[in-house]
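Here's a quick briefing to read with the model open beside you. Have a look at the fold, then work through the notes by topic.

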Amino acid sequence: KGLTVSGSGELDNGWTFSTSTYLSDAMGLSSHSTSLTMGSLGTITAGQGWGGNSTGFDEEVPQAYEQVSDLSAAGSSNSVGSFMDNGGLTWAVPSFDLGGASASLVLGWSPNADDAGTNNGGVGTRSGSWGDGVDAGLTIATDMGLTLGVYAATRENNQPVPSGTDAVEDEFNGVYYIKYSSGPVSIGFSQSHLDSGVSGGAGTATTTAKVIRTAGGYFQEKQYSIAFNVNDNVSISYTDASDTYNAQGDGIADVDQDSEALQVAYSMGGMSIKAYQMERTNPGYDSDATKHTATEISLGLAF
């Protein structure tokens with residue numbers, strides 16, 4: 001269960017604004033954002049827990065329904081840049097021509113990139129572990145059906161160096177994707193890199209579950225996807241993802257968390273039915289973990 005409240009309007013100078021607030025079941029998540037579109041100056045957005053710029057780049061491959069991270073805990077691609085939606089500012093530059101293609105640029109800054117929520121009326125405090133965060137993303141779309149995107153985010157790491165380990169570093173996340181559409185068929189590839197800056201000495205054993213941004217080392221994920229629009233009402237897709245944990249030189253073998261997803265979506269008038277069958281091997285980057293499978297069916301009705 002969830003509650004969403006949204007609104008929009010226009011100012012006297014022609015600028016427009018929009019705002020949205022979402023409250024999840026049991027108040028587990030409170031998400032809100034406000035955007036101001038300023039004509040040729042672009043759009044500025046601020047908010048809390050709303051996803052930020054990274055949502056337009058992570059797992060950006062053709063899907064009939066959901067991203068593969070919808071199966072249990074999110075993979076490393078879904079976590080790229082997730083620390084940037086903590087009361088910071090994003091600026092979406094108006095689209096511009098780039099060698100005959102249409103390009104769009106987004107920039108972001110957060111003064112406290114720790115992704116810690118603040119209650120209504122409260123004031124966020126400066127995190128002792130994390131400092132400023134910045135990100136940037138570029139999307140290039142051609143009239144030949146080819147779309148390219150690249151995104152990077154980094155934040156200042158203020159954590160103390162554990163005794164007897166390597167120095168911690170600033171966190172760096174990056175992802176790029178390529179999508180191509182021709183008629184009813186779309187294909188896509190995405191690759192991400194997430195290095196939290198935690199020293200390699202904190203690497204976690206192969207047979208132990210890993211927590212992103214806690215386990216030493218880094219994560220890299222590749223996703224391949226193909227989608228087919230059968231007709232105006234039915235679409236199907238298949239996605240294969242391989243998410244690798246690399247302990248970064250402390251004698252621990254790499255672990256691949258592999259996922260597969262078969263999805264279908266059907267719509268007619270105000271009704272939609274969407275479903276997926278997903279399977280994940282080595283969930284949690286744990287080579288001893290039991291394979292995880294899930295089936296989801298969603299029914300939507302618009303009145």
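What follows covers strand pairing, aromatic rings and a few residues with their contacts.

This is a predicted model, so to speak plainly about the rules: local features need pLDDT of at least 70, side-chain atom pairs count only at pLDDT 80 or more, and totals for chains, interfaces and linings use all residues. Residues are numbered from 1 along each chain as its sequence is written, and side-chain values use heavy atoms, with hydrogens and water left out.

- Strand E7 (residues 130-141) and strand E8 (residues 146-157) are antiparallel partners with 10 bridges; strands here are DSSP runs of at least two residues (E), helices are runs of at least four (H or I), and both are numbered from the N terminus.
- Two strands count as paired if DSSP finds at least two bridges between them.
- Thr139 has Gly149 in E8 as its bridge partner.
- Four residues sit between the strands in the hairpin of E7 and E8, and Gly145 there takes a positive phi near 90°.
- E8 also pairs with strand E9 (residues 171-182), again antiparallel and over 10 bridges.
- Across that pairing, Ala153 stands opposite Asn173 in E9.

**Strands E10, E11 and E12**

- E10 and E11 run antiparallel, with 11 bridges joining them.
- E11 pairs with E12 in the antiparallel sense too, over 12 bridges.
- The link from E11 to E12 is a hairpin of four residues.
- Ala227 has its bridge partner in E12, namely Ser237.

**Aromatic rings**

- Searching the whole structure turns up seven aromatic pairs; rings of Phe, Tyr and Trp (its six-membered ring) pair if their centres lie within 6.5 Å, with planes under 30 degrees apart counted as stacked, over 60 as edge-to-face and the rest as tilted.
- One of them is Phe189 with Tyr224, a tilted pair at 5.0 Å centre to centre and 45° between the planes.
- That pair links distant parts of the chain, 35 residues apart: Phe189 is in strand E10 (residues 185-195) and Tyr224 in strand E11 (residues 218-229).
- Phe189 is buried at 17% relative accessible area, while Tyr224 is partly exposed at 44%; buried means under 20%, exposed over 50% and partly exposed in between (1.4 Å probe, protein chains only).
- Phe219 and Tyr245 also make a tilted pair, because their planes are at 45°, with ring centres 5.1 Å apart.
- This pair links distant parts of the chain as well, with Phe219 in strand E11 and Tyr245 in strand E12 (residues 234-246), 26 residues apart.
- Phe219 is buried at 1% relative accessible area, and Tyr245 is buried at 0%.
- Phe57, Tyr151 and Tyr177 are linked into a cluster by ring pairs.
- Arg155 lies over the face of Trp130, 3.5 Å from the ring centre; a charge sits over a ring if NZ of Lys or CZ of Arg is within 6 Å of the ring centre and within 35 degrees of the ring normal.

**Ser76**

- Ser76 belongs to helix H1 (residues 76-79) and is buried, with 1% relative accessible area.
- Beyond its neighbours within four places in sequence, Ser76 has contacts that include Phe219, Asp243 and Tyr285; contact means heavy atoms within 4.5 Å.

**The loop between E14 and E15**

- Tyr285 is in the loop between strand E14 (271-281) and strand E15 (292-301), and Tyr285 is buried at 3% relative accessible area.
- Setting aside residues up to four places away in sequence, Tyr285 touches a list including Ser76, Ile212, Phe219, Asp243 and Tyr245.
- Tyr285 and Ile212 are 73 residues apart along the chain, and their C-alpha atoms are separated by 9.9 Å.
- Gly284 is in the loop between E14 and E15 too, but Gly284 is partly exposed, at 23% relative accessibility.
- Not counting residues up to four places away in sequence, Gly284 touches Thr208, Ala209, Lys210 and Gln257.
- Gly284 and Gln257 are 27 residues apart in sequence, with 7.1 Å from C-alpha to C-alpha.
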